[in-house]
Amino acid sequence: MKKKVLLSPIDPVHDIGLKMIKRGLEEAGHEAFLLPPDLKPEEIIQEGIDKQVDIILLSRTLGYGVAELLGKFVDLAEATGLRDRVKIGIGGMAIRPELAAELGFDGGFGPGTTVEEAIAFVEGKKYNPKAHFVKKEKKDMTATYDYTYKHPEIGKLLEQIVDGILEWAKDKSSPGIERAHLREEMIDLRAKDGASQELKKLQEEYASYSDDMIANFYRKGEIISKLRRFTGEEYRAFKDFVQRSRKNLQTPSILQHVEGQPIVWVQYGTGCPFMDIAHIKVSEAWGADGVVHFDPSWAARTEGYMEGFLTHEENGSVITPENLFEIKNALQDSTLWQVRAHRGLNVTETVVLAGLCGADLTKINIAYGSMAAGTDPERLTVDSIEAIKYAAKFNLPYDLPTNEELAGVPAHKAFAGMLISTALGIRLGARPILQPLFAYSPEVMINGRMEDNYVDFNAAKIYALRSIINAPIWPGAPIGFLTQTEDRVQSSVTTGLHAGLAASLGVDAISIASSDEAYSGGPIAAPSRCDTLRSVGEVFRNLGQTRIQSSAKAKSWSDELVLGIEQVLKAVLKKPTFVQALYDGVLGSKEEGAYPGRNGAGTIFTRNMV
Amino acid sequence: MSQVFAQVLDAVDLETFLICDSEEEGKRLILKMLRDFGFTDVDTVFIQFEGPGVRVRARGYVHKPGDRYGWLKIKGEE
């Protein structure tokens, strides 16, 4: 039912809140009158009588003498008879609900009161804060892309390279692939009763494809000395912590101010799954949309995974089925979860575990993983093909990081490598996501491409990729790499500005660092995650649908990148195999800082020899 | 350390401006301050000396990954 509402500051200054409430009331179909500031209580009451209003809403910003003034207003309202037929509410910076009730007001609204809350008071309805929150939901970044090549020549080159890779790899396997198949069976068996003998047999077979320290876990129950198991008491307390955190976080923050601003990811891997989850809960509360699991580098160099709830005091959190299941179970329903599988000797099994543990995405890139992350190119190519097949099977999109740029590989070479793994994924039925770096990389330092600004070259990367293929883009990882320092403010600002650029370019997602990511003396602290999440939210709010404009240089650099990519792909095709191209530095040379990895060298075998 | 420290998720950061004559002096002072507060695992995350002294962000770790966390207790059982 339509109400007549009188809005008045009972103050020498005006309250912007009343203007917002007036607008809200009118939009809701009510009639609202806003009086000027600095009126006496008698004047306000007279206006209420003359206009025959149903409700009076007052606001008071100044705290001085507030109780006396408001007491006087209520007394006058009673004396004139207005109090009997008009509902009176009071809000503003100086008001607390307890004070309002004590003075005889029908409603009191302190700082932080929403327009919706005031409208509910006018309409006599119970205010439900959750009714006005937009429900946070997971977003599929790949949903609107069809992966068509916009650059036919590059598309053709990529298809030829993929033909060659699949032909070369068709009869090859590795210990990692065999373990991945066994892991799938083992997890399946664990769900069945009375399968312990069969499981033991599979574990023994798994051990035969593993390094000694992993084999000792399955054969003797020994865990690596740097690890420890959680106690039962810790586990019970952890479950309690998760339950309380979930209860306290019923409406996670939303960083995006307008539709289409990028999904925001943070990375975790403190070494301890429980600490990880604490950081994840903080990140979720401050608006992160997705979290990326970082595993330890020593584990990537080890053949095989252990089992159980395991923690340690080194960077990266150990992948075990139990650790992943617990992390997954602790996440908010709206939180996207990625488990990385881009390098190391357990790539295929990682995708299997990611899929079986309920991850939303994984991460695979042969060129980066082998040229700048230590894994033998031959081994990683064979394992990644199987990993991509699993990613398709488990419906896990995967992003392709190009962090070899940080070693010094030029962007066009890193992009050529990324596009090859992209094309491979498309062929195998998976859904790849391009991940160019937004970074102050060695290449741009040497060539002075960011001497003026951090915008043009990063924008050029996006323009180049968009001119080649219609695929999702997720700059990382994290954005602003090598622009951040240990200075909390500087780091938060540069992260926010790079996020603003990403939003301007309309990309699908970003990964962000914490404000202490550049500090190397110890682990990241949770409040530093809040810093950069707040920063990104503020920049998204500040920009809305406006855009940061790149200069003409971005377009010319984009053209250069595309030409460079095409030349690199042609050079790859001149080599006997893609793997040989990796060894020979076509996708990043030793002079540029890329070195073919050695982990897993010589471990490939042909399937008919298994 | 105070019982409240048990509730610190991981670390306490202290940001301030110290009047001093060099970055080294500022670093020595802030680390002493943290130790005086009862922190044992201390470091400077960021320090910048200009003019009258240092703008500094120092950190005392209370819980590092893999530790037994004081906050990881069932509510009501502590």
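Reply: A residue is called buried when its relative accessible area is under 20%, exposed when it is over 50%, and partly exposed in between (1.4 Å probe, protein chains only). The model is predicted, so local features need pLDDT of at least 70 and side-chain atom pairs count only at pLDDT 80 or more, whereas totals for chains, interfaces and linings use all residues. Residues are numbered from 1 along each chain as its sequence is written, chains are lettered from A and ligands numbered from 1 in the order in which they are written, and side-chain values use heavy atoms, with hydrogens and water left out.

Me: Why does Lys125(A) count as exposed?
Reply: Lys125(A) has a relative accessibility of 54%. The rule asks for over 50%, and therefore Lys125(A) is exposed.

Me: What makes Glu123(A) count as partly exposed?
Reply: Its relative accessibility is 27%.

Me: What makes Glu314(A) and Lys226(A) a salt bridge, and where do the two residues lie?
Reply: Glu314(A) lies in the loop between strand S10 (310–311) and helix H14 (321–330), and Lys226(A) in the loop between helix H10 (212–220) and strand S7 (228–229), all of chain A, so the pair ties together parts that are 88 residues apart in sequence. Helices (H or I, at least four residues) and strands (E, at least two) are DSSP runs, numbered from the N terminus. Glu314(A), at 35%, and Lys226(A), at 34%, are partly exposed.

Me: Why are Lys389(A) and Glu386(A) said to be separated by about one helical turn?
Reply: The reason is that Lys389(A) and Glu386(A) are 3 residues apart in helix H17 (residues 377–393) of chain A. Their side chains meet in a salt bridge (3.9 Å, N to O), which is within the limit of 4 Å.

Me: Is each of these two residues buried, or partly exposed?
Reply: Lys389(A) is partly exposed, since its relative accessible area is 40%. Glu386(A) has a value of 12%, which is under 20%, and therefore Glu386(A) is buried.

Me: How do you know how many disulfides the structure holds?
Reply: A disulfide is a pair of cysteine sulfur atoms within 2.5 Å, and the structure holds 0 of them over all chains. As an example, the cysteine sulfur nearest to that of Cys530(A) belongs to Cys272(A) and is 19 Å away, so Cys530(A) is in no disulfide.

Me: Why do Cys530(A) and Cys20(B) count as buried?
Reply: Cys530(A) has a relative accessible area of 12%, and Cys20(B) has 4%. Both values are under 20%, so both residues are buried. In chain A, buried residues make up 59% of the 610 residues.

Me: What makes the phi of Gln52(A) worth noting?
Reply: Most residues other than glycine have a negative phi, and most peptide bonds are trans. The phi of Gln52(A) is near 50°, a positive value in a residue other than glycine. Gln52(A) is found in the loop between helix H2 (41–51) and strand S3 (55–59) of chain A, and with 57% relative accessibility it is exposed. Leu482(A) likewise has a positive phi, near 70°. Leu482(A) is in the loop between S16 and helix H21 (488–505) of chain A and, at 41%, is partly exposed.

Me: What is the peptide bond from Ala477(A) to Pro478(A) called, and how do you know?
Reply: The bond is cis, with omega near 0°. Pro478(A) is found in strand S16 of chain A.
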